[in-house]
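Hello,

Here is the structure I promised to pass on. Please open it alongside this note.

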Amino acid sequence: MPSNWMDTERTSQDAMPTMLAQAAIVAATLCVGEIACSPLYFNLLAQSVALVPWALMACFIAVAFSYIIGFALLWCSEAFTNRMRDTLQPFAYAAVGLIGYGVWGLFVFTSSLNSVLEPLAQPLLSNGQVVAVTVNSGALGAVAFFLARMLGEKLAVRRTPAIALIVAEAALAVAGLAVMVIMFRQLY
């Protein structure tokens, strides 16, 4: 762990910071996972919103988590696993991701879904649906943080693919934000 907060951990001098590479992996995994899970949310929205706009909106929410809350959770994971055996570290990262993204799903995804349902005069999410969203988010978070720990150092060395991944995530997030603004402008 770096002694100064301005120091960044790198595998080599020309590599990018490991935590940035891990955040890119978390964002990519969550974005792909949210796009894959969009039909679940589409059904929770009573099919009142088109599937592709919701998928982009969910991708924006996932990328926002990764680069805002995700950095803090990655730092916590690193500090938590500092003296842990290497074989157990990915599982500790997965536990942090499970809790962190599960809570994010509980509060952010369910409120996003309800904020779409309410102006359309659709019934709000039931307790069982909220639990399903939370469990789904927790599972995605666990997988994302597990992969971040396993592949972070490998991606940090490969700058070009890492930068391309970050640019693609940013493009999807901007498209999702644009869709979200247009959707909520129509609803409210």
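This is a predicted model: local features need pLDDT of at least 70, side-chain atom pairs count only at pLDDT 80 or more; totals for chains, interfaces and linings use all residues.

Residues are numbered from 1 along each chain as its sequence is written, and side-chain values use heavy atoms, leaving out hydrogens and water.

H1 with H3. Their axes come within 8 Å and cross at roughly 145° (axes are lines fitted to C-alpha atoms, for helices over the stretch in contact; angles run from 0 to 180 degrees between N-to-C directions). Helices are DSSP runs of H or I with at least four residues, numbered from the N terminus. The crossing is right-handed (the near helix is turned clockwise from the far one by less than a right angle). On the H1 side the contact includes Met19, Leu30 and Glu34; on the H3 side it includes Ala55, Phe71 and Glu78 (contact means heavy atoms within 4.5 Å). By class there are 19 nonpolar, two polar and two charged residues (nonpolar: Ala, Val, Leu, Ile, Met, Phe, Trp, Tyr, Cys and Pro; charged: Asp, Glu, Lys and Arg; polar: the others, Gly among them).

H3 with H4. H3 spans residues 51–80 and H4 residues 89–117. They pack at about 145°, axes 9 Å apart. This crossing is also right-handed. Trp54, Phe65 and Phe80 are among the H3 residues that meet H4, whose side includes Tyr93, Gly100 and Trp104. The contact divides into 18 nonpolar, three polar and one charged.

H1 with H6. H1 covers residues 18–36 and H6 residues 159–187. The angle is about 45°, with axes 10 Å apart. The crossing is left-handed. Leu20, Ala24, Ala27, Ala28 and Cys31 of H1 touch Leu165, Ile166, Glu169 and Leu172 of H6. Eight of these residues are nonpolar, none polar and one charged.

H5. This helix, residues 127–157, has 31 residues. A kink of about 55° is centred on leucine 151 (the bend is the angle between axes fitted to the seven residues ending there and the seven starting there).

Best wishes

Notes: Helices (H or I, at least four residues) and strands (E, at least two) are DSSP runs, numbered from the N terminus. The expected span of a helix is 1.5 Å times one less than its number of residues.
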